[in-house]
Structures are given as structure tokens and as C-alpha cells.
Amino acid sequence: MEKPCLIPKPQVYLQRAGYFVKKAAVSKERMPSGLEAPLAVIWPEVTGTEDTIQFTEKKELQKEQYVLEITEEGIEISWGSPAGAFYAVMTLHQLVLFSEGKIACCRIVDFPGLRDRAVMIDISRGKVPKVESLKAMIDLLAGLKINQFQLYVEGFSFAYPSFSEVWEKRAKDYLTPAEIRELDAYCAERFIELVPNQNCLGHMNAWLETEAFGHLAENPGGLQIKGTTLPPATMDPTNPESLKLIEQMLDDLLPCFHSRMFHADLDETFDLGYGKNKDKAEKEGVVSIYLDYVKKLSEKVKARGHNMMMWGDVLSKEEDAAAQLPKDIIVLDWGYEKEHPVRRRAERLQRAGVEFYLCPGTNSWCSFTGITDNMMQCTENAVSAAYDFHARGLMVTDWGDFGHLQYSLFSLPGILYGAAGAWNRELVTEEELAEALNRYVFRDETGIFGRLCLEAGRYSRKEEFLFPCRTLAFMTLQTGCVSRDRFEASIKNMVDSMRFFVEPCVYLPCEEAYAGRSGMEEEAILEYLDELAVQARKADPACPDGTLLKEEMINGLAMVRAATRTRALCYGLEDGSGLEKEIEDLCERHRNLWQRRNKIKGQEDSLLGFTTLLEQLRERKQEEEE
């Protein structure tokens, strides 16, 4: 008798003799309060007149705990809260999909391993999903027992009512207050807390580019790193006007949410202490200046009835920094490289007495199709540390650096894998992850598409060396189609620059890998990508967006292929024959695919890397003809 593949795995699964072969159904009248609306969307077939599912409320059960008993005669669900009842039905839904009409009798006792199980997606790097796309994501997360969702906001991806004269001129796409309220209610129906998220110190580039707020920059001239100038990104935390701006932004944003939490981000303040506060930083230290601002901001957040969350990267620069925080702040420690010192960070936060989340990522950004091996190892490290050091939660992050080119398809493995670990320390195996993707997300009876989604993120194994959280194919969009010398100099500069941004445990292995890099094997990479494209055409995802998913898979692989060929052209390994047409075609397909899930104005910015390559290829061709 085959044990069902469930994601997340239940805490206790006891299989028994016999099968339940009737239809799993319950009438609206017998459903616990709050289940009718989400089930009407996620699993409408479960609502019926057969009433083979019986619900029993048991106050002694924990808030999200449930007991699911399946016998030959029927199904009984015991629950302590509507959330527990909902999670039981989500597990039952997977059992129905797995069994194809013949569910093995069993007893499941289940409850969450971590209190907070979150996913955060970036809506601020050009890609703002349509509301219906976000709702589809929320339904997926609900089925995975995720109970918190965040939309990362920087710049003008939220339409602040108080600053319409600013964002109307600059914003391309954004969510409105009405759309946020609609999503907030949709999340609440699915027992998910939509937490407001807005960067409040660093990553303020868009605001600092304006005439109205440019004077708030810590470093108006930008920051020089290895010959590259980073634009002003961090506000001057000692200027009272900086906090005043944030307060008004909060007053616009927070009323759109029912959540009493607020994520202020506060990460990557790289230029702090290099501009207006240079003298102060030399005397007191950058972290001291940073903490003063954090404490002031926390008071403003509390005054509005919210508890503050913040990233932990700046705090990690000093041993005792976290211990100086107000104890009601929740620290979110992110790290997206397999070498990230997550256990050391978690132990330090536990010792400081603060509540914290650990935050691995999907690793889909800066890669086109993901970096599967790194994603899985990083998630495993974070899950292990979260349980060992008693983290409050785990949050999977999905970023969109450099135009958010990747399709959401390639973020799904990381979301499912992280969700599995947030509920149960016993992670699913890679085979189970692929099967879960096939059965519960893609509904692909060929069994191809789930595995393909993982393998698409493994082409970097065949590249010259592994760069943290970025593939060499993607880096080609940053270097451009240039001479071999310029290309190699650009890559070397990126490797050297890591010393400014990350810890030695991350940059030293990268430097070692770069020093021992192999020669480029273009043919091997292209053969690998082409075989994946063949498999994609054989797959048959039957989910509502199955055809779109196949098109996104094929075009994602085409992006990797074109970028790989461009790199080979830079190295002088090929002549670029037909490359211009390849890029033109993938750009046209991308425009079509983008519009089907997202608001449309950001699509050209997302393609800037490829359209620049096209210009360079045409210039190169013209020079050769002359």
C-alpha cells in the first residue's frame, strides 16, 4: 500500500487497512464557519449533499491543530479553530488528488512546527502582478498551510494617496489602496495574515531621485565600489525629515491592512556612514547611528498600533546589536547562499532574547530559471536552525532584482520546499517535491513538469564556476555583449566586489571557485537546455494555467540559451549566427506572457538587458560589414 505524498508532511500519519471509495463531500450547513468562501474557490467539488465528511469541534486542540480520521465508512475531522478545520480539508484535498478515488484509511494528527509560516514576494522591481494573479498565489499558499503573506514595497509600487504628485509622474505599475484592501480580505478568508511591508531607510532610490526628497540622501553623490557608482539609496537617519516622510507613508499604507504587524525592512544600508554621517560614524560607529533610528521608528510604529519587523543583516555586523533592540521587534534574518551562517545568526538572536524568523529564498531571481541546488541547501539549513534555536517563524522570500525577468513558475519549488519545512521539520525529499508539484500544482499526469521545474534550475552546474545567487548566463545581461577582455574584467569586478557586501564565509568560496574556474562549455549547456525544452513540450500540466506555464517554461529556457550564446560570442567561441533573431523572438514572447499575469507598464524595463544586447549585436554586425 503506497504511502501518500503530502506537502507539508503531517506530524503523525498512521495508515490502516481498507479504503474510502465514496466521494469526499460536505454540505454548506455542516461546514465550520468560515470555510465556505475559500473552499468555493480552492476545492468547489467538496461541497455537496453526500455529507461523508463530519466535523467535530474540540476545544482542547491547539489553534491550528486537527485530527483527520478516514475509515471505509466516512471521514471525521476534529478541530480546535476554523483554521485547523481548513488545514484538515487541505490535507484531505491532497489525499483525494493522490488517490484518484480510493483513499487509504488512515489517522492523521497534525499541527504546525513553527508559529509563523510566511512567504514574501517582491512587487517593486518592475513586476506588479494583477490582483487575480496574486489571488491565485494566495490560494496556493493557503493549501500549503502558509499563514502570513507579504508584498515587498519600495519606491512607488504602492499608490500613496499623500504623494500622488510624486508617484503619478514616476510609477509605472502599482497597487492601489483599494486593491490592497481587497487582497487583505481575500487572505483573511484563507487564514492568512497580509502583513504591510515598506522599506523605511535603505532602498529609497526612487524617492531620493525626486526633487522633493533628494536632499534626504545620506550620500547624494552615490557610493563608489570598485569603480562602480551606486546611486543614493539610504536616507540620512539623523535628519528629522527622513522619519517625517516615513510617518506619512505609514499613515497611507497601514490603514489598508487588518494586521497589527509591520515590516520596516531597514536592510542593505550600504552607503550609511559614507556621506553626511561620516564623521559621526567614525566616532560612534555606523550600527549605533542605525540603532538610534530603528528605536525612533519603532516608537512611531507602536504609536500606530503595530509591532515592527525588520531585516537582521545590519544588526549582524556587531555581536551585541540585536540585544539593544526593543524586545517587541521581530528580527528577520535573511541569507540566500548555502554558505550563509544561519546557525550562528540564529544562535545570536536567541541569545539576545528577541523573536526572530529565518528567511531562505526561492533563488529564482538573477537566474532566469532558478538555482535549485542552492535553494534546497539554503532552505534545509534555515529549517534546521529555525527548530534548533526556537525561531518564531520561517519566511520564504522571492525577489525580482534587475527587472524581475523570471516567471513565477520558477519560484514554486522554493515556495513549496520552504512551506514544507515551516510546518514540519521533516522536509520532503526532492522526489516528493517533484511529485507534489506535479500532483497538486501542475496536475501533470505525465509526471514531467514538476521534475522539469527543478532541473531547469541546474544549468549553472555546467557553467565555468558558481557565483552566489546569480548565474553566469544572467550576469551576461549585466556585462553586455562586449570584447572578451571587457567581459572577463566585468566578471572579475563582480567577484571582487562581494567583499563589500557579504561575509568571508560567502565571498571566500566564490573567490576560490573563480580562481579554479573551467573553460566555457557552450555545447554542453545548450544541449542540456534544448533537452529540457523537448521535455517541456511533452509535459501536460492540466491546471487552469497549464498552457501558459508551458510557454513560460520554454521562454525561460530560451532566455538562458540566448544569454549563454552571447557569453560564448564574447569569448569568441561562436559567431552569433541567428542570435539576434533568437533574442527578438524571446522578447516578443515575453511581452505576451508578462501581460497575462502582470500589470503591463513594467515589461519593457524587464527586457532592458536583452534589448541592450540586441543593440550591441546590431552595432557589432554593422562594424563587421564596414
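Rings of Phe, Tyr and Trp (its six-membered ring) pair if their centres lie within 6.5 Å; planes under 30 degrees apart are stacked, over 60 edge-to-face, and the rest tilted. By that rule the structure holds 25 aromatic pairs.

This is a predicted model: local features need pLDDT of at least 70, side-chain atom pairs count only at pLDDT 80 or more, and totals for chains, interfaces and linings use all residues. Residues are numbered from 1 along each chain as its sequence is written, and side-chain values use heavy atoms, with hydrogens and water left out.

**Aromatic pairs**

A pair of aromatic rings is described by the distance of the centres and the angle of the planes. Two pairs are tabulated here.

| Pair | Centre to centre | Angle between planes | Class |
|---|---|---|---|
| F442 and F449 | 4.9 Å | 90° | edge-to-face |
| F465 and Y514 | 5.3 Å | 75° | edge-to-face |

F465 lies in the loop between α14 (449-455) and α15 (472-479), and Y514 in helix α17 (residues 504-515), so this pair ties together parts 49 residues apart in sequence. Helices here are DSSP runs (H or I, at least four residues) and strands likewise (E, at least two), numbered from the N terminus. F465 and Y514 are both buried, where buried means under 20% relative accessible area, exposed over 50% and partly exposed in between (1.4 Å probe, protein chains only). F442 and F449 are buried too.

Ring pairs also link a cluster: F156, F158, Y160, F163, W207 and F213.

**Charges over rings**

A charge sits over a ring if NZ of Lys or CZ of Arg is within 6 Å of the ring centre and within 35 degrees of the ring normal. R517 lies over the face of Y514, at 4.0 Å from the ring centre. K145 lies over the face of W423, at 5.7 Å.

**T379**

T379 sits in helix α11 (residues 372-388). Its relative accessible area is 1%, so T379 is buried. Neighbours within four places in sequence aside, T379 is in contact (heavy atoms within 4.5 Å) with P360, G361, Y417 and G418.

**Helices α18 and α19**

The axes of α18 (residues 522-538) and α19 (residues 546-571) come within 10 Å and cross at roughly 170°. Axes are lines fitted to C-alpha atoms, for helices over the stretch in contact, and angles run from 0 to 180 degrees between N-to-C directions. Therefore α18 is roughly antiparallel to α19; angles over 145 degrees count as roughly antiparallel, under 35 as roughly parallel, 65 to 115 as roughly perpendicular and the rest as oblique. Residues making the contact include I525, L529 and A533 of α18 and M553, L557 and V560 of α19.
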